[in-house]
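Student: I have a structure open and want to learn how to read it. Where do we begin?

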Amino acid sequence: MASKSQFYTAAATLETLFSECYFKNKEGAFEWPEAFQEFAEECNPKSQYELALRSLGAIHWFLKHSHLDIQLFSMRLFEKYEPVNLKSSSEHKHVERDYMVLDSTTINNLSLLGGKGTLQKTLDFCKTPFGKRYVITLLPLWICRPLCNVEKINLRLDAVKELFENPQKLKACQEVLKTMPDLERQVAKIHTYGNKFCSTNHPDGRAILYEAKTYSKRKIIDLLKTLRGFEASQEIAGIFKGCESRLLRKITQFAPNGMNVDLKETLEFFKQAFDHTSAEKEGTIIPKRGVDQDYDDAENAIEEINKELGDYLKEQSKHFGCQLSYFGTDKKRFQLEVPENRTSRADGNYQLESQRKGGKPVKRFSTNRTRDLLYKMLKAEAERTKIVLDLNRRIFEKFSERYDQWQQVIHCLSMLDLLCSLAEYASSFSDDICKPNVLPFSAQPLISIENGKHPCAKNIENFVPNDTFMGTDNQAPLLLLTGPNMGGKSTLMRQVSIICIMAQMGSFVPATQCSLSLIDRVFTRLGASDDIVRGESTFFVELSEASTILKHASKESLLIIDELGRGTSTHDGKA
């Protein structure tokens, strides 16, 4: 990317964001997201965050070039990232962490993420689309960030245990989750639909579509489908009423007993806001009274004019001594239709517009009053038409105003879906499976696994279970494996690592008994391959990974090292 023009300076990044519409409220006033307050003072970047702001500038250029900037930046979802190593102690002392650290090498070596044969695929029994999504779903997040808090781990384990021991409750919950559309993606789309600045500044908002009605219908169908999904989600609270698990109560019950959101009033508002059937059929939302103030004002203005027209018609009927009516359409409306035998009372204030001959001849007049009322009516109708054209976006905006509520419900559903997935995994494992006993960080770390199996090797008849004891009574915290090729050495090492990861993410593990103290980080040195792109030989890759272990491993870390030095000659490898 070109410097300055594409890779902005820190100051240029802030000035560009300030000049755009991303962080403006409904009234057009600019408000910096909370995360920016630490990085800058107004448009003046702080020196320690220059590189971070420059990187953000490059991201902004790319998103703007791709016409995705308004959709993403307007969501205001910014968070400061702090690399784990910056928090670590250089003296290898224990550092309290919320999560276990798994680097990319470990994730790849243990096959934690990906398709067939990985831990993610093995544990994935999620029923919702947003539960299954790879990048932002909780499943990869839980796998890559196992907990380092015993209390939180036990909360998850207790929830999985209750679901595992109550298959009817588990099935009822999953049946509801199956019906959910992709709420996470739908909410993001509707947020974009309702963004005022996106509708005026983005090419999509300025485009004149040949199938505009069809496109509008799809947006409305997205909204209705999302509302039905959230309506179905409210059934979850009833399924788990009276459950014992604190975590299940927290994510399924409404306040004050839980963090789930009672959407009854919100959903009722949208149900009564407009005619869903008509909107889905016509592709236009006409709100009911009390939903949109501008539309109500326009309707009130038209009603007031119609009332004035009615009063004036009564006045003229009395003047001419007969029942009159208005005639005409569009800009020729509100002509007074007077029978010819009564027109003698029409003086110079009445202007003849047209007449009708025949059996019942009439003459049609306009007056200053009718012309004035016609002008007011045309103006009020034009204002209403202008509002109607923007009404779809306004309804989407009202939906988006409750963005925090929707996200809270989605978060609860995602977590529930994942807990159900872990319970389903435990139910599907035909061999021994147990609830692990996770202990706090200890001066004498331990791992005790009896009859453990590789978690991804489900229902394999000839798989031989293994016992693993490290740091227990009379056992050193070190295990040296030897044996012939294809004897299962690497499998056992991966098996122990993955069981520890599963235990700290709150899952049952394939063993008859499992106890371990908290692990702060897992390091792996497995396999041998070079990196041509980076110009690194096989031996160089091995030494780099070994160097990382020496720099960052602590007493609470789990190290898996397989044949270090195999990437070069035997003599040099030993050295």
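Tutor: Start with the disulfides: a search of the whole structure finds zero. A disulfide is a pair of cysteine sulfur atoms within 2.5 Å. Know your source, too: this is a predicted model, where local features need pLDDT of at least 70, side-chain atom pairs count only at pLDDT 80 or more, and totals for chains, interfaces and linings use all residues. Residues are numbered from 1 along each chain as its sequence is written, and side-chain values use heavy atoms, with hydrogens and water left out.

Student: Is Cys 173 buried or exposed?

Tutor: Learn the scale. Buried means under 20% relative accessible area, exposed over 50%, and partly exposed in between (1.4 Å probe, protein chains only). Cys 173 has 0%, so it is buried. Cys 500 has 1%, so it is buried as well.

Student: What does Glu 299 touch?

Tutor: Contact means heavy atoms within 4.5 Å. Leaving out residues up to four places away in sequence, Glu 299 touches Arg 289 and Arg 384.

Student: Which residues touch the most other members of the largest nonpolar core?

Tutor: A nonpolar core is a set of buried Ala, Val, Leu, Ile, Met, Phe, Trp, Tyr and Cys residues joined through side-chain atoms within 4.5 Å. The largest one has 99 residues, and those touching the most other members include Phe 230, Phe 399 and Trp 406. Helix α22 (residues 403–428) gives the most to this core, with 15 residues.

Student: Why does this core lie between domain 2 and domain 4?

Tutor: Domain bounds come from an automatic or database domain assignment. Domain 2 (110–280 + 387–428) and domain 4 (437–574) both give residues to the core, so it lies between them. A second, separate core has 16 residues, including Trp 32 and Tyr 49.

How values were computed:
Helix = DSSP H or I, 4+ residues; strand = E, 2+ residues; numbered from the N terminus.
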